[in-house]
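The following exercises ask the reader to work through a structure, one step at a time. Each task is followed by its solution.

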Amino acid sequence: MRATRDKELRLALVCYGGISLAVYMHGITKEIWRLARASCAAREGEDGNGVYRQLIDEIRETSGINLRVLVDILSGASAGGINAVFLAQAIATGQSLDPLTDMWIEQADVEALLEPGHAPSHRFAKIWATPIAWMLANRSKTIDETVDPTAREEVRLKLERFVRSRWFEPPFGGKRLLAMLLDAFDAMAAGPRYKRLLPAGQPLDLFVTVTDFRGHPEELRLNSPAHVIETEHRLVFRFTDHGAEGVAFADPAGLAFAARATSSFPGAFPPATVEEMDSFLAERGTAWPERDSFLESVLPQQWSDNRAENAVLIDGSVLANAPFRPAIDALRERPARRQVDRRFVFIDPAPGVRFDFYGKPKEKPGFFQTIIGALSELPREQPIRDNLEAIAGRSDRIERMLAIVAEIRSEVETQVEALFGYTLWLDYPTPKRLAGWRRRAQVAAAAKAGYGHTAYGLLKVDGTIDRIARLLYAIGDRHAPERLREIRSTVARAVQARGGDRFGATLSNGASPQTLEFLRAHDLGFRIRRLRLLARRLTEIDLPRSHAELLPMREAIYESLAGYLELKRTDTFVDLRDAVRDMTDDAGPVLDLLAERMQLKALDQATDLRLSDGFSALSKDLRRPMLLAHLGFPFFDIATLPLLQGEGMDEFDPIRVDRISPDDATTIRAGGAGASLKGIQFNSFGAFFSRAYRENDYLWGRLHGADRLIDIVLSALPAVDRLPEARVAEIKRSAFHAILDEEQERLTAIPGLFAELRSEIG
């Protein structure tokens, strides 16, 4: 039987806005949920024969990789925010997304969303507006060319009613949307339930962007004047389950409020307010026990100023249609017990499709075109280049670091062998010997580095202070940029006062005893980098014939790494919140509390015990490169740490970015959104006007999701283990037909599309 090795494909999902294309995105997120569900069942050793389960099993059988696929970070804006909220709820609770499909198909309709008080009062009300509706419909030949004949009359009548609704008031009702959202949560809770789709200890984080219409004050530090106040409009609502089994992810009322606020598209829905939410829940007779704590968390500035109830919240895509930043920040607190392939996957329902008021390329924009574009469309459609460049820059630094490690490996190994002699590989690596060898290697590396070691040491201390400051800032839960700076300054002063930043060639071991004590008690990054380098080296020497022999070493590395990574998580130290909030200008007592809780020295001893067993299980040929990497780490770290300062400092794996959109899923039909989606009509409001539109877009969402997810899963395999193209095509055909078979009975308004698709798929 072929030996297997574990690998995790972790997806951080970013969902764009898209108005009625939310229905299409629901189809995609449903496929993501099904993939995560199949992977969870495989992880638990349960039976299953769906396409995704078969794919996971085939990967294990052909490549020896036990691939686990999980979604642990979600971020969304506007329509994407709604879908991110419901997917997060399904992952955290094990509930099914199937009831949500009924909500989108049945209720995401202009008739259901139209505020009763804003609808035409009688059939003659504002009848003069009817020609406008016909003009809108006929101008782009939308109805005749894109709607099935049986649905054309429905679209014309709903468009007429929509245009004749009360002007200068948002036509859609906020409470209508809230009712839909909470009804969907109730339906999910009443439906089938599996189990949490993430391993124990793996946190699930959800970020929903919202725009604070009035804004809230934020303090900025300058040279002169020392402080200024600026108005900030961006808000991010965060939800997390902390990775704990049995802990509720969030109250449905809080999730519904976040979904309602992020999707308050200007002009279509009224702004979301706490007053509206309170009134709606009172009418519904629904309790919201976590109301105050929720508002204090998501609206901290407004809550502290007693203004939370008066906050006016509008669509999250106004300022950030592609919310990458909060998802990137969430990477800091991810545990790891096996090799990880991290992906950022973003759903863009209609790349390049924009509102139609820009005019032709050579036309000069008019007065209203310029104003509307500048105030609404341009900010929300700003490209994501800055976010992707930040991810790419981080990955480039890691790639450069890995290249440097590979280039200097021969020289480092020569230094280590000269230090210990060739007999090292014949000795039994007991925990005591490992600790002694490691100290000896660190002293030698410091001596070889000369004055460069002082710069390296100061960089280590600075990085440790930064980590402590971010941790205390998160523990204190009083979020403001100025507060983080204050904590950082206070911690730095305490470290300096204790002599924890003194390095030099004249000092024994290259640093003062106080500095060494500070690093031994607090330098988490050094330990994590060492184990990640060891894991990387193990992957490099891991061949099919050595999988079984390397398994104890792999388990020792990742089990040890998990213990250190737990200490990066805020949740580990929540009981220190009061001490952090009461911290004065002297951070010393808090540093002592933190060191006592971390117990890094005890963790180091446990790590040495595991690694000792792992090294001892290896043959001489495999033990040699692993010991050289372990003992050579101080040499590697001195050379590479400057490249990794700041973000990604403790990470050794680059991040890759994948997109799911109609432009990318071309196995069935090329041509992008224009060739498949109906909801792009009427400036992306189209699916609100017809059930046929919604059924069409939902079905294409599932098909496109399956197409791209199969590609993404297979891309996690080494090139030598990739499946043949013919086999991939066969897997995709099976997935497409399974989706059509499952949905044909439900989607009754588009029989012609099913016939077309079966013919195209073959």
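Two residues are in contact when they have heavy atoms within 4.5 Å of each other. The structure is a predicted model, in which local features need pLDDT of at least 70 and side-chain atom pairs count only at pLDDT 80 or more, while totals for chains, interfaces and linings use all residues. Residues are numbered from 1 along each chain as its sequence is written, and side-chain values use heavy atoms, with hydrogens and water left out.

**Exercise 1. Describe the surroundings of Val 405.**

Step 1. Locate the residue: Val 405 belongs to helix α16 (residues 385–420). Helices (H or I, at least four residues) and strands (E, at least two) are DSSP runs, numbered from the N terminus.

Step 2. Classify its exposure. Buried means under 20% relative accessible area, exposed means over 50%, and partly exposed lies in between (1.4 Å probe, protein chains only). Val 405 is buried because its relative accessibility is 3%.

Step 3. List its partners. Not counting residues up to four places away in sequence, Val 405 touches Leu 533, Phe 636 and Thr 640. Leu 533 is 128 residues from Val 405 along the chain, yet their C-alpha atoms are separated by 9.3 Å.

**Exercise 2. Determine whether Arg 53 is buried or exposed, and list its contacts.**

Step 1. Arg 53 is placed in helix α2 (residues 51–63).

Step 2. Its relative accessible area is 11%, so Arg 53 is buried.

Step 3. With neighbours within four places in sequence left aside, Arg 53 contacts Ala 38, Ala 41, Ala 42, Glu 46, Asp 47 and Gly 48.

**Exercise 3. Describe the largest nonpolar core.**

Step 1. Apply the criterion: a nonpolar core is a set of buried Ala, Val, Leu, Ile, Met, Phe, Trp, Tyr and Cys residues joined through side-chain atoms within 4.5 Å.

Step 2. The largest such core has 124 residues, and those with the most contacts inside it are Leu 74, Leu 206, Phe 237, Phe 239, Leu 313 and Leu 699. Helix α1 (residues 22–43) gives the most to this core, namely 12 residues.

Step 3. Examine one member. Beyond four places in sequence, the contacts of Leu 313 include Val 210, Leu 235, Phe 237, Phe 257 and Leu 299.

Step 4. A second, separate core of 77 residues includes Ala 336, Leu 471, Ala 494 and Val 580.
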